[in-house]
Amino acid sequence: MQNGMDLNSFTRRRLSPSKYTDQGPAQLFRLRLRRFGTTTMTVTKILATGLVALPVLFTLSMMLGHQPSDRLLGLAEARVLEKRTQPNDTGAFSSLGLGRGSEHVLSQPTDKSNDKLLGGLLAAGFDEASCTSRYQSYLYRKTSFYQPSSYLTSRLRNYEDLHKRCGPNTESYYRALEQLKSGQTVGSSDCKYVVWISFSGLGNRILSLASTFLYALLTNRVLLVDRGKDMADLFCEPFPEKSWFLPMDFPFIDQFESFDQKSSHCYGNMLKNSVLNASAESVPSYLYLHLVHDYDDHDKLFFCDEDQSLLAKAPWLITKTDNYFVPSLFLITSFEQELSKLFPEKGTIFHHLGRYLFHPSNHVWGLITRYYQIYLAKADESIGIQIRVFESRPGPFKHVMDQILACTLKEKLLPEVDMQDSVVTLSENPKLKAVLVTSLNSGYSENLKNMYWEHPTLTGEVVGIYQPSHEEYQQTEKQMHNRKAWAEMYLLSLTDALVTSSWSTFGYVAQGLGGLKSWILYKPENETAPDPPCRRAMSMEPCFHAPPFYDCRAKKGTDTGALVPHVRHCEDMSWGLKVIDSHDEL
């Protein structure tokens with residue numbers, strides 16, 4: 001506002017009438033000549049001198065015209081950057097509500113078209129109106145520290161070409177569909193598919209779908225997505241021209257809910273009953289992969305090289321999973337080299353794939369942007385606190401509140417308050433810290449709100465506490481509930497620092513999309529706040545909650561969190577696995 005007032009004042013001075021406006025034209029001319037100390041003779045001399053100097057100046061300009069100095073180049077670049085930050089050029093930012101907390105976006109000398117495509121992660125050419133979030137998301141978050149490898153972007157473009165050639169309603173798709181209906185594998189297929197069944201809560205679905213897409217990349221398969229009840233309502237299409245959604249007339253689509261370990265085409269069940277073995281020459285036209293948390297040892301053989309060789313023969317794979325199974329893909333020898341080329345920084349897998357695949361639909365994007373503009377845009381700093389309590393009784397719980405305060409105050413994420421009210425803040429422009437709380441219960445945010453309203457902070461900061469919704473209990477099948485859940489995950493990913501709850505896929509999604517290593521709240525035991533209350537994540541990668549503990553080469557049980565340096569046990573779940581970088585803290 002102050003800048004606007006200064007600009008208006010400056011404009012008014014430029015446009016205000018001159019004190020000479022009541023003079024006649026002849027008087028004005030004489031006044032101007034007198035103002036510059038100019039006479040008619042002087043004007044004549046100046047013109048003569050200019051005519052003599054003009055050829056010299058022209059010659060100099062020709063000599064120097066092809067050798068601009070660094071300073072001139074610097075000035076040219078400065079003018080471009082200055083133009084980016086001119087009031088008339090920030091209309092897009094203003095309309096998006098980007099305030100003080102987002103001024104860094106305007107000041108970064110980056111290639112805006114490259115930012116828009118997330119460093120080459122996204123393909124250009126989509127209809128922007130059909131999915132506003134795809135090309136607007138970069139305006140709401142800081143430029144990522146983690147750039148996708150050129151190999152990953154190349155493979156994504158190749159996959160998009162494959163999807164155009166083999167996706168729904170193509171000749172290749174119809175040929176593969178006929179083979180599926182026949183029940184037999186006849187010859188080699190030019191297109192092979194992996195079908196993802198929509199299953200479980202939203203956080204689990206996002207993570208399992210990202211895992212399945214990575215598997216499709218590694219095995220040159222086309223990913224087709226069961227839309228379930230709300231996938232099309234929550235997410236935009238990620239691939240150009242051809243949909244990623246499974247056509248509604250797909251065979252067996254009405255049987256997906258009943259697929260389980262006992263299904264006749266379940267790969268683990270077929271191994272168990274010796275219907276299939278690793279040396280089989282032919283396989284059925286489709287195999288069902290049961291990779292849900294309750295899978296057994298035979299299902300887990302999916303993660304062995306020998307079994308991958310057999311699965312590669314099947315034109316169609318149909319999978320049901322609620323897991324982020326990426327860590328165990330790193331333990332499959334035949335995938336190891338390709339994964340290293342795709343992700344030289346191994347701890348960035350979901351960060352890149354999540355931002356590539358999951359663009360909020362226009363409905364959800366509206367929820368995100370409206371909330372951001374009203375509550376977060378003007379903050380100097382934003383903190384996200386994601387609270388998930390695995391209790392059947394309603395909260396809030398005192399030990400959870402104590403843990404949240406112990407973590408955020410100890411890690412200096414939130415300022416301490418003066419309980420004696422002895423601090424007098426003299427700052428005319430105090431730092432504004434916005435705290436975004438997501439929880440099924442409103443009690444935790446209300447406690448924080450009251451604390452920072454009733455007492456001043458020791459730092460002089462002003463703290464605002466905001467909670468978009470409090471649904472009281474998880475309602476996975478409700479459309480608006482899932483819209484809000486997706487919006488809140490995304491809003492958390494836009495914050496500067498993040499606190500998440502143990503075991504929560506909701507928090508995993510937020511930290512991965514945001515490129516944030518969150519502070520993880522340990523899971524309380526016996527209704528007691530843990531000490532220490534939290535720890536920093538080793539990487540922003542999600543945790544695989546139900547990994548296999550089997551060494552495929554040795555054919556015996558083993559600790560799969562100790563086989564390679566970049567796959568370790570999770571901070572919040574001792575038996576889980578997560579991918580880290582070699583330089584991440586162990």
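A residue is called buried when its relative accessible area is under 20%, exposed when that value is over 50%, and partly exposed in between, using a 1.4 Å probe and protein chains only. By that rule, 49% of the 586 residues of this chain count as buried. Please keep in mind that this is a predicted model: local features need pLDDT of at least 70, side-chain atom pairs count only at pLDDT 80 or more, and totals for chains, interfaces and linings use all residues. Residues are numbered from 1 along each chain as its sequence is written, and side-chain values use heavy atoms, with hydrogens and water left out.

**The chain as a whole**

- The secondary structure of the chain comes to 22 helices and 14 strands. Here helices (H or I, at least four residues) and strands (E, at least two) are DSSP runs, numbered from the N terminus.
- The chain exposes about 29,300 Å², and carbon and sulfur atoms supply 54% of that area. Such accessible areas come from the Shrake-Rupley method with a 1.4 Å probe, and for residues only the protein chains shown count as cover.
- Contact means heavy atoms within 4.5 Å. Among contacts between residues at least 6 apart in sequence, 74% join residues at least 24 apart.

**Helix 22, a mostly covered helix**

- Nine of the ten residues of helix 22 are buried, so this helix is mostly covered.
- The buried residues of helix 22 are T505, F506, G507, Y508, V509, A510, Q511, G512 and L513.
- What do these buried residues pack against? Their partners are helix 11, helix 17 (349-357), strand 5 (381-386), strand 6 (432-438), helix 21 (479-493) and strand 8 (497-501).
- After helix 22 comes G515, which has a positive phi near 65 degrees.

- Two packed helices are described by the angle between their axes and the distance between the axes. The axes are lines fitted to C-alpha atoms, for helices over the stretch in contact, and angles run from 0 to 180 degrees between N-to-C directions.
- Angles under 35 degrees count as roughly parallel, over 145 as roughly antiparallel, 65 to 115 as roughly perpendicular and the rest as oblique.
- Helix 11 (residues 202-219) and helix 22 (residues 505-514) have axes that come within 7 Å and cross at roughly 50 degrees. These two helices are therefore oblique to each other.
- Helix 11 passes helix 22 in a left-handed crossing. A crossing is left-handed if the near helix is turned anticlockwise from the far one by less than a right angle, and right-handed if clockwise.
- On the helix 11 side, G203, N204, I206 and L207 meet T505, Y508 and V509 of helix 22. By class, this contact has four nonpolar, three polar and no charged residues. Ala, Val, Leu, Ile, Met, Phe, Trp, Tyr, Cys and Pro count as nonpolar, Asp, Glu, Lys and Arg as charged, and the others, Gly among them, as polar.
- Helix 17 packs on helix 22 at an angle of about 90 degrees, with their axes 7 Å apart. Helix 17 and helix 22 are therefore roughly perpendicular to each other.
- In this second pair, F350, H351, G354 and R355 of helix 17 meet Y508, V509, G512, L513 and G514 of helix 22. The residues of this contact divide into four nonpolar, four polar and one charged.

- S137 sits in the loop between helix 8 (132-136) and helix 9 (150-166). Is S137 buried or exposed? S137 is buried, with a relative accessible area of 7%.
- Leaving aside neighbours within four places in sequence, S137 is in contact with L118, W365 and Y490.
- Q373 belongs to helix 18 (residues 362-376) and is partly exposed, with a relative accessible area of 27%.
- Q373 and Y140 are 233 residues apart along the chain, and their C-alpha atoms are separated by 9.9 Å.

**Backbone features to look out for**

- Most residues other than glycine have a negative phi, and most peptide bonds are trans.
- G395 and P396 are joined by a cis peptide bond, with omega about 5 degrees. P396 lies in the loop between strand 5 and helix 19 (398-410).
- D531 and P532 are also joined by a cis peptide bond, with omega about 5 degrees. P532 is in the loop between strand 9 (519-521) and strand 10 (534-536).
- N526 is not a glycine, yet its phi is positive, at about 55 degrees. N526 lies in the loop between strand 9 and strand 10 and counts as exposed at 75% relative accessibility.
- E527, a residue other than glycine, has a positive phi near 55 degrees. E527 is in the loop between strand 9 and strand 10 and counts as partly exposed at 47% relative accessibility.
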